There are 2 protein chains.
Amino acid sequence: MGGEATVYRQRLARLQKRFPHLGIDAVLFFEMKNIRYLTGFTGSDGVFILLPDKGVLLVDGRYITQAGEEAPQSEVVQYRDKIGGIVSALGERGVKRAGFEAASLSVELHEKLRGKLAPGLLIPLTEALTGLRSVKDGQEVLLLRKAVDIATDALLQVIGLMRPGVEERTIALEMDYRMRALGSEETSFSTIVASGINAALPHARPGSRKLEDGDAVVMDFGAVHGGYRSDETCTFVLGRADAKFREVYAIVKDAHDRAIEAVRAGAACREIDRIARQVIDKNGYGPHFSHGTGHGVGLDVHEAPRLSALSDQVLETGMVVTVEPGIYLPGLWGVRIEDMVLVKENGCDILTKMSKELKIL
Amino acid sequence: MGGEATVYRQRLARLQKRFPHLGIDAVLFFEMKNIRYLTGFTGSDGVFILLPDKGVLLVDGRYITQAGEEAPQSEVVQYRDKIGGIVSALGERGVKRAGFEAASLSVELHEKLRGKLAPGLLIPLTEALTGLRSVKDGQEVLLLRKAVDIATDALLQVIGLMRPGVEERTIALEMDYRMRALGSEETSFSTIVASGINAALPHARPGSRKLEDGDAVVMDFGAVHGGYRSDETCTFVLGRADAKFREVYAIVKDAHDRAIEAVRAGAACREIDRIARQVIDKNGYGPHFSHGTGHGVGLDVHEAPRLSALSDQVLETGMVVTVEPGIYLPGLWGVRIEDMVLVKENGCDILTKMSKELKIL
């Protein structure tokens, strides 16, 4: 598709424009999600060299055909040995100062490369690449919406299983199965189904605990479409909700709603976190909200920016982030409410579809 | 279990014994599978510091309870900031020369750490850690056998689906579902179901192609039990096998059998590869066997040693490796036959259970 070629060219151009400022004449990419983003290539191994006027995709023999098909904008070169292939490619193209992804290149590979290149040729890049994929274009948003659709449809098929006596892992298994059957390429991450006291653990793994009447059930799930991942959390309650649960649910919901109201281009990520945290703090549950308020989501389920007190990032139009405050009461239960939102100039669109009103199953 | 405590102590002691030779008084571990192997901790983030007399497991607040339960032999320490936590832990314990996993530590994290530690304190380790998990103990072999059992049972449930008109992805989805339902923690890797011309691609992804009469179907699959992964490939044929397919199948089977016959402690990994390759070469299909003959398997589906022409590793009693020659005929079909074997002093035990005789479904 011509439209796709334009998209990749734009992604490359955004970076190429910054070469003079960064004092480089190339960037080496090793992270496969970044390579996919910049070229379209979906293989599991390869190196991408971005030059001022084009991109060169280095792959081994397994991937030569696939790379040619998926990344027609790139010059595709086959290597036998990765280090040798990179050194040749840089040499033949006269590269003098090549930036690289310091967050994903290993010390070992870096040392091997450095030993075969001119001193000072490799320039570590960190902040310059952090936000590479943060701002989504229209096509990426469509893929995220489709991933959300799949996950939502699967949840609606599985929700009837949430009844006393059913094991957490059965619900997780059926959810994963339905998402895949509906077209999800894999699960976005390990589905969480945490019931009763397990719901008090933010990262619980679904196990053999059987749901009971009165249980809170935290369900955190996502589908994958075209490589793009959804991420959503619903907290249901079985049969009945007591006053304490209703109180805590309302606080988390309020934190979630106010944070979403504050999302807009130009807002500081830590301000969104502060707003959610303040609601929970002032109700006395501050120590029980033990994680950040959200994160970017796209080809990775966790990517830039982070919505946390430590973040110094600022929201931009086109970013897609989660908003997911929670309160976890050890030995009792927990509540987390999570939506994905698309940042717009004066607010945001909520991409996820499930209602976050208290739902008693 | 007391037995488990002994196992972890032995794993640590094997490394601690080599400290003088390596000129170090500590090793920093970042790779979570290595940390699991050395401590039992199964969380997704943390750092393990092995000292001459004990191990220290650093985790963030999410994992403090879990780490205490899963890694009782380790001193568990909570950090707020990972870099700060490592620097404090090394300082308090007077570490002078800390080895680290050069293959998994990123340049970025290394730079940050290096800036806060005495010059020369961090020592990159590569070969010294490559084989850390290669030799399996009895408990690990039991877990691998159980993973194989699950995968085998699932395949036997799914094999009836392999008939003309069924999509590859349906078979893959049902296989993954059955493995999970039978207790697999996840799939060992993305299940491959490659039929007809897709079978000519060693790393095909299951798609919407419908099986046809006469198709070869390459099915590469594995289950996970206690973190340990199985890996096995069966190539079936639907309805009828023509002479050419029978010929190629017999060659791959012969390469597979001869390689397995050669597996024993003391054999060079590249020799096993050479033996399989020679069978395929002499029958004229050398250029169509485009990957190595096998690899170690355990907590990772691909780990040391590698059975390839480039390997300089030697098989040892207790290693578990795959033997998986293949012939891929572009535009036609392909055959791969893969078993997992346990290296013994005078031979090997085949851990996988499916017969590898030609099977017409």
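Six residues of domain 1 of chain A are in contact with five residues of domain 2 of chain A; contact here means that the C-beta atoms of two residues, placed from the backbone, lie within 7 Å. This is a predicted model, in which local features need pLDDT of at least 70 and side-chain atom pairs count only at pLDDT 80 or more, while totals for chains, interfaces and linings use all residues. Residues are numbered from 1 along each chain as its sequence is written, and chains are lettered from A, with ligands numbered from 1, in the order in which they are written.

**The two domains of chain A**

On the domain 1 side of that contact, helix H3 (residues 32–39) of chain A gives the most, with three residues. Helices (H or I, at least four residues) and strands (E, at least two) are DSSP runs, numbered from the N terminus. By class, the domain 1 side that touches domain 2 of chain A holds two nonpolar, two polar and two charged residues. Ala, Val, Leu, Ile, Met, Phe, Trp, Tyr, Cys and Pro count as nonpolar, Asp, Glu, Lys and Arg as charged, and the others, Gly among them, as polar. Domain 1 of chain A covers 2–130 and domain 2 covers 138–350, with bounds from an automatic or database domain assignment. Their centres, taken over C-alpha atoms, are separated by 34 Å.

**Where the chains meet**

Chain A and chain B each bring 20 residues to their contact. On the chain A side, helix H6 (107–114) and helix H9 (168–181) each supply at least two residues. The side of chain A that touches chain B has nine nonpolar, seven polar and four charged residues.

**Strands and their partners**

Let's turn to the strand pairs, where pairing requires that DSSP finds at least two bridges between two strands.

| Strand pair | Sense | Bridges |
|---|---|---|
| E3 (residues 55–59) and E4 (residues 75–78), chain A | parallel | four bridges |
| E8 (residues 216–221) and E11, chain B | antiparallel | six bridges |

In chain A, A:Val59 has A:Gln78 of E4(A) as its bridge partner. Between E3(A) and E4(A) the chain passes through helix H4 (residues 64–70) of chain A, making a right-handed β-α-β crossover; right-handed means that, with the strands pointing away from the viewer, the path from the first strand over the helix to the second runs clockwise.

In chain B, three strands make an open antiparallel sheet in the order E7-E8-E11. Strand E7 (192–195) and strand E11 (232–237) of chain B are at the edges with a single partner strand each, so one side of each has no neighbour in the sheet. From one strand to the next, the twist averages 15°. Within E11(B), B:Cys234 is the bridge partner of B:Met219.

**Two residues to look up**

A:Leu28 belongs to strand E1 (residues 26–29) of chain A. A:Leu28 counts as buried because 23 other C-beta atoms lie within 10 Å; the cut-offs are 20 or more for buried, 12 or fewer for exposed, and partly exposed in between, with C-beta atoms placed from the backbone. Not counting residues up to four places away in sequence, A:Leu28 touches A:Val47, A:Ile49, A:Ile86, A:Ala98 and A:Phe100.

A:Ile350 is part of strand E18 (residues 347–350) of chain A. A:Ile350 is partly exposed, since 14 C-beta neighbours lie inside 10 Å. Apart from neighbours within four places in sequence, A:Ile350 is in contact with A:Ile260, A:Asp339 and A:Val341.

Conventions: Axes fitted to C-alpha atoms, helices over the stretch in contact; angles between N-to-C directions.
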